[in-house]
Amino acid sequence: MRGKLKGILVTLLLALMTISFLYPLYYMLANSLKTRADYFARPFALPGAPLQLANYATMISQFRILNLFKNSFVISALTVVLLLAAGTFASYVFAKYRFKGRSALYVAVMVTMFIPSQVTIIPLYVLFSRMGLVSTYWSVVLSYVALFLPECILLMTANFRGIIDELLEAAEIDGCGYFQKIWNVVLPMGRAAVFLSIIFYFITSWNDLFTPMIFLQSMEKRTVMVALATLMGRYTGAPTLQFAGLLLAAVPALAVYIVFQRQIIRGLSVGAIK
Amino acid sequence: MKKRRIVLQIVFSLLPVLLVLAVFRVYPIAVAVIKSFTNWDGLYRSDFIGLRNYVSFIQSGLFWMVLRNTLILLANVPLQVFAGLVVALLLYEKVKGWRVYRAVIYIPQIISAVIIGFLFKIFFGFNGPFNAVLRAVGLGRLAIEWFGNSYTALGVVIFAVVWFSIGWQAIVILGGMSAIPTSVFEAAVLDGASYWQRAFKIVVPMLVRVLEFCIIASGVWTLTQLFPFLYAMTRGGPGFETSTLDYMVYLKSFGLGFGSDYGMATAIAVLLLLLVLAFTLIEMRVANRADDWS
Amino acid sequence: MSRTYLLVTFLLLAAFGLAFAGGGQEAQKEAVKLTVWIHGADSFIGPNEQQKPQGEWYIAQAFQRFEQANPGVSVELVVPPDQTASHQNFNTAVLAGNAPDVANLWTGQPIYTRKDVIMPIDDLVPAADLKGIWGWESVRYNFDPKGTLLGYPAGQNQICFMMYNKAIVKKAGLDFEAAPPKTIKDFDAALAKIKASGKTPILVDEAAQGVPWFMAWVADYWWAQLTGNAQIIEQDAGKKKFADDKGLLAMLAYYRSLYTNGYFRPDLSTSNDSFSQFLQGNGAIWPAVPSFLADAEKTLGADVGVLLPPEFDASSKIRNSTIGGPGQSLVMPKNGKNPKVAVKLMSFLNSKAEYLESQKVNTYPTVRTDVTIQELGWKPASNIAKLGKVANTYNFWVDNLLRSPGPADVFYPQGALVAVGKMTPLQFAQEMDKSVPK
């Protein structure tokens, strides 16, 4: 009896949580189908007829949101790839090699994580402009890679340290070189950290406004979040159009989560407990 | 010969990371730290003024309020790790409907902080749904202006941040659990271990490293990335009553309106850095794992 | 599984390809190419234009007309995402040497504090423009009539007013059309009647967007009446004390009394839905600027009325006025490469012909001195025409007189604290004094 009650309570809590997570999506959807005046007057009402599907048509045909997706995608994907490439080797070394100065170096890498990017953005801007990289994807990608690396290494190192040494030794005896060891042992065993990194940093880069707002000044190179931000004025702006855009922009981010979280859970779905 | 190869492996594995960090993080940070001793306005004015930024910020009285708020907000860290752990276990044990929960759990992370902030502000507004419920069940006395004073406002912010982070924590913890052999669980269930016993006697000890990551990452996030939430939810107000150190860094650098006092912003960022270092040291002590790295 | 990987690999290859392909593009060589920042929604781009393709926006077509009139010149439009941040971005871009040729910033202190990075245009402005446009004081250094000209006043002449709901006011037994409250005493009496009728007299969110709207749009008019912009500028520069400013203290005390008398919504320091509440008919008055008129009229129809602030001091030199004036400016960076063409463009955008052209898509009072309401085709009894009539008697934005870092950093975030009584008027004034940079 008590167990049943507890079960009901758990289900209730989880249901509440689910509703609260879905509500913002519903809110954006409902308001993206209203006129602006309607939204200002009744932001929490259901959209009345006629539904303003035009907001979506505009987003795709006039605002060319798919082009903006391309910019955001290039930036997010490059960030993730470079991050993983640099992070995997470093994390493996930090996790499994013992050498002088390791902990000092590790702490030094971690410390760079603690400075908010607002105070480093101007020196960075001047640096990128000297390198001729302002208004290119690389300015944003490189600053993201540098910004996310410490946390990514922290995550992967924590994970790689759990890999049993015997496995690595066995691989070595089998004639695996450095790269083969990483490819055949470290990455499969540390897959959770790799896929988590993909999800976190792809979505964080996708959603970020601050860095691309400052580095990407030409309209063609803009990310989707920067372009959508131009729809907000101090006084009125075009909020319903913005909602349509934000909802569309959430789709690729959500897809990345759905695709890659399966890979994380795959490892543990072998024998579930009822 | 083998030793040389290992040295090369270490060097070439770390070099790209160190290079990227040196150029794109350490260099701008060093500039910022130097500028914290100047009256830099983000442009040409940059005279050395010693510790004046630090002294005037600490003396302003704002410092202690902002520091207090920052420390109070850190309370969200254990809460979000705990909530994430509970949800991760439920997902792991495949409660009814787990596929749905797993699909929706990350949605808050994908939605713009502006929208989340707006909705929380309405929900906990003086005439919002939360107070309406309180009034309906006869608790009208408790239906206060939640954002009207610093403690309840920070409480709501903590609630919002925990809500926002459950999914993030849960998938990190699930990732860690994927390395635990399922036989361990099966044995525990056969032994009649309860849910809480399974959580704290099995999962937590085996996930020490992952949980440590959860705590550090969300702690650092709270200290340095909370700006968009506060901006959308409270604007650091009323007055400055819910402002934090990282919020002040933003205000002083990108401005309340249009001006900036970069010298001051960088000084506050350095103070924040000192605080985080203290936080990390304590965390390492508590986890008693500093020796692991010697 | 393998399909997922294949897809992912393909997308990644595409990403790399695009990143490298994008880098090689060189801008076409033009005789003169101007890059122009125009902010979305609050200046030359109207709220209803962003739904259209960019080529159909008024500003894009204006640029085309300018290009046709000036062969060899091409103009590139850039819409920055956040005007607050674009002030800082402008600094940084000048510092790095890649600023736009023309930038759209706010008037007043936001550009005065940037005078080191802005090129003065004194020698380049056509004399006819100096006569044909109001609001040059907003772009002359320190509001000095002889100060250096830093740019053009631009775009809208935003006139502050109190939007009210005629039906609610009528139910309270009042008629603001026939007998608008002229003095503070009338105003208090009217608010009391509205309150007695069961509706919130004034709906406003004084802290939700980082600006205390009632204070900046209405109460600042009283401050200007009592103290005068000239003295406020001196106080901002630290030559006089805000704490000694009787006008400021009186204005703040009255602002506080509106709260204690229950004329404001009680949660004004935490609310964020006043416009919605106003449109739903839950309150009588909502402080506004012309940008909001169209949406309000769409919802409330003929019930929307326009009320100018009552006079605090009937003996003041400033009367029958309100806060307003050009809040937007066009400026160029000190290292701009084409100053002459840039000023030509600024002048072009402010010409009478262009203003009339822009009115085909956006409705707002002008900064031109030579446009009549008849020319615009505004109905004399309409709300916009009423605002158009006071377009030349405005008192320039008091909050744009305050600098940041400085008194603006107290005014904006802490204004609401005075209303709710967390700060006394004197404490507020003293904080402003303390914030004046040395």
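Predicted model: local features only at pLDDT ≥ 70, side-chain atom pairs only at ≥ 80, totals over all residues.
Over all chains, the search of the whole structure finds 70 aromatic pairs. In one of them, the ring centres of Phe94(A) and Tyr106(A) lie 5.1 Å apart. Their planes stand at 75 degrees; planes over 60 degrees apart count as edge-to-face, so this pair is edge-to-face. Phe94(A) belongs to helix α4 of chain A and Tyr106(A) to helix α5 of chain A. The two residues are 12 residues apart, and the pair links distant parts of the chain. Both Phe94(A) and Tyr106(A) are buried.

Trp286(C) and Phe292(C) form another edge-to-face pair. Here the centre-to-centre distance is 4.9 Å, and the angle between the planes is 85 degrees. Trp286(C) is buried, as is Phe292(C). Both residues belong to a cluster linked by ring pairs. From chain A, the cluster takes in Tyr23(A), Tyr26(A), Tyr27(A), Tyr39(A), Phe40(A), Phe44(A) and Phe243(A). Phe118(B) joins from chain B. Phe275(C) and Phe278(C) are also members.

Chain B contains 15 helices and 0 strands. Its C-alpha trace spans about 80 × 70 × 30 Å along the principal axes. Of the 294 residues in chain B, 59% are buried. Among contacts in chain B with a separation of 6 or more, 66% come from residues 24 or more positions apart.

One helix pair in chain B was examined in detail. Two packed helices are described by the angle between their axes and the distance between the axes. The axes of α4 (residues 76-92) and α11 (residues 195-206) of chain B come within 11 Å and cross at roughly 105 degrees. Angles of 65 to 115 degrees count as roughly perpendicular, and α4(B) and α11(B) are therefore roughly perpendicular to each other. On the α4(B) side, the contact is made by Phe82(B), Leu85(B), Val86(B), Leu89(B) and Leu90(B). Facing them from α11(B) are Tyr195(B), Trp196(B), Ala199(B), Phe200(B), Val203(B) and Val204(B). The contact residues comprise 11 nonpolar, no polar and no charged.

In chain C, Gln235(C) lies in helix α9 (residues 229-236). Gln235(C) is buried, with a relative accessible area of 0%. Leaving aside residues up to four places away in sequence, Gln235(C) touches Trp223(C), Thr227(C), Lys240(C), Lys241(C), Phe242(C), Asp245(C) and Val436(C).

Several backbone features fall in loops. A cis peptide bond with omega of about 10 degrees joins Gly237(B) and Pro238(B). Pro238(B) sits in the loop between α13 (227-233) and α14 (245-254) of chain B. The bond from Ser404(C) to Pro405(C) is also cis, with omega near 0 degrees. Pro405(C) lies between β10 (395-396) and α17 (408-420) of chain C, in a loop.

Positive phi values occur at residues other than glycine. Arg64(A) has a phi of about 50 degrees. Arg64(A) lies in the loop between α3 (54-61) and α4 of chain A, and is partly exposed, with a relative accessible area of 49%. For Lys94(B), phi is near 55 degrees. Lys94(B) is in the loop between α4 and α5 (98-104) of chain B.

Notes
Residues numbered from 1 in each chain as written. Chains lettered and ligands numbered in written order. Heavy atoms only, no water. Axes fitted to C-alpha atoms, helices over the stretch in contact; angles between N-to-C directions. Helix = DSSP H or I, 4+ residues; strand = E, 2+ residues; numbered from the N terminus. Parallel < 35°, antiparallel > 145°, perpendicular 65-115°, else oblique. Contact = heavy atoms within 4.5 Å. Nonpolar A, V, L, I, M, F, W, Y, C, P; charged D, E, K, R; others polar. Phe/Tyr/Trp six-rings, centres within 6.5 Å; stacked < 30°, edge-to-face > 60°. Buried < 20%, exposed > 50% of the residue type's maximum accessible area, 1.4 Å probe, protein only.
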